[in-house]
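Dear colleague,

Please find below the structure for your records. A short account of the findings comes after it.

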Amino acid sequence: MSSTKAKLEYIWLDGYKPTQSLRAKTKIVKDFSGKLEDCPMWSFDGSSTMQAEGGSSDCLLKPVAIYKDPARKNGWLVMTEVMNPDGTPHESNGRATIQDDDDDFWFGFEQEYTIWDISINRPIGFPAEGYPGPQGPYYCSVGATNAIGRDLVEEHLDECLEAGLNVEGINAEVMMGQWEFQCFSKGAQSAGDEIWIARYLLERCGERYGYKINWHCKPMKGDWNGSGMHANFSNSILRNAGDKAVYEKICEAFAPTVNDHIAVYGADNDQRLTGFHETQRIDEFSYGVSDRGASIRIPIATVESGWKGWLEDRRPASNADPYKVAAVIIKTVKEACKNL
């Protein structure tokens, strides 16, 4: 009797600094069950990814989440975290730093990105020289002169949904060629897994169109919006507080930890967090109801629900690691909640 062979795409983050990249390779297995527990540990050459020296180059890949691969027959996407040969987390492993064992923290990430025309090294829709019309008509737009790149965006959305990712929406963003998708998950590690898998699928879709996905938070200098990855978050206290004072206490706990947060909120974020283009300055902290120019926005829906809901940290950049963003937010919120 013949065996069915499955393609397991092992996906991990490399050791490049200041911004890690996705890496992946395919493992062929027989009669695969489709279950995470049946994904074996694997290894790779860490000397080729800035994660090991050539004389001792093996790093381990520990499977942590699995999704159906929408573009490959008998294919699966296996998110992994990088481990040292002794089984301890590698220093590049941001997922291992998350302290959310009971999945009490819920995260909704708003991932912005720019579709990049590699033939002119500019966003798609931009002329080779000069600039398109100023910002205004591109946000949530429709029409061939404003919504540029929709075919790729729609294909990516379909693949995410077929893979089982909890994508909650997409929209064209403020700059031409800039788009956004939103993912939500109960549990910080799961939220990070889904963003990274969605990023992987987007990069792979871009390959088919000959486009690069530019994750930089300020890909076009000047009077153009940057790209962020706003982090909407809650825990059981925020979801059930019913008290404005609780929200204020938690928001105020972020003020003295600005440097800790900015350190993991993405490279070159000073180019984006200028106080303009719906941002607060990188060296200042503020919060407010419905304030998109604040560091942390208190959504009006939270207020209207009787101070039961979530908060939005608007500072993370599009190129930030969602694992590290979640880890530092959890740390700050837990500290604030100790005496509540």
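This is a predicted model: local features need pLDDT of at least 70, side-chain atom pairs count only at pLDDT 80 or more; totals for chains, interfaces and linings use all residues.

Residues are numbered from 1 along each chain as its sequence is written, and side-chain values use heavy atoms, with hydrogens and water left out.

Aspartate 193 lies in helix 2 (residues 188-209); helices are DSSP runs of H or I with at least four residues, strands are runs of E with at least two, and both are numbered from the N terminus. Aspartate 193 is buried, at a relative accessible area of 3% (buried is under 20%, exposed over 50%, partly exposed in between; 1.4 Å probe, protein chains only). Beyond its neighbours within four places in sequence, aspartate 193 is in contact (heavy atoms within 4.5 Å) with Val64, Ala65, Tyr67, Met79, Arg95 and Tyr323.

The structure holds 13 aromatic pairs. Rings of Phe, Tyr and Trp (its six-membered ring) pair if their centres lie within 6.5 Å; planes under 30 degrees apart count as stacked, over 60 as edge-to-face and the rest as tilted. Phenylalanine 126 and tryptophan 224 form a tilted pair, 5.1 Å centre to centre with 55° between the planes. These two residues are 98 residues apart and link distant parts of the chain. Phenylalanine 126 is buried at 5% relative accessible area, and tryptophan 224 is buried at 7%. Ring pairs also link Phe107, Phe109, Phe233 and Phe254 into a cluster.

Yours sincerely
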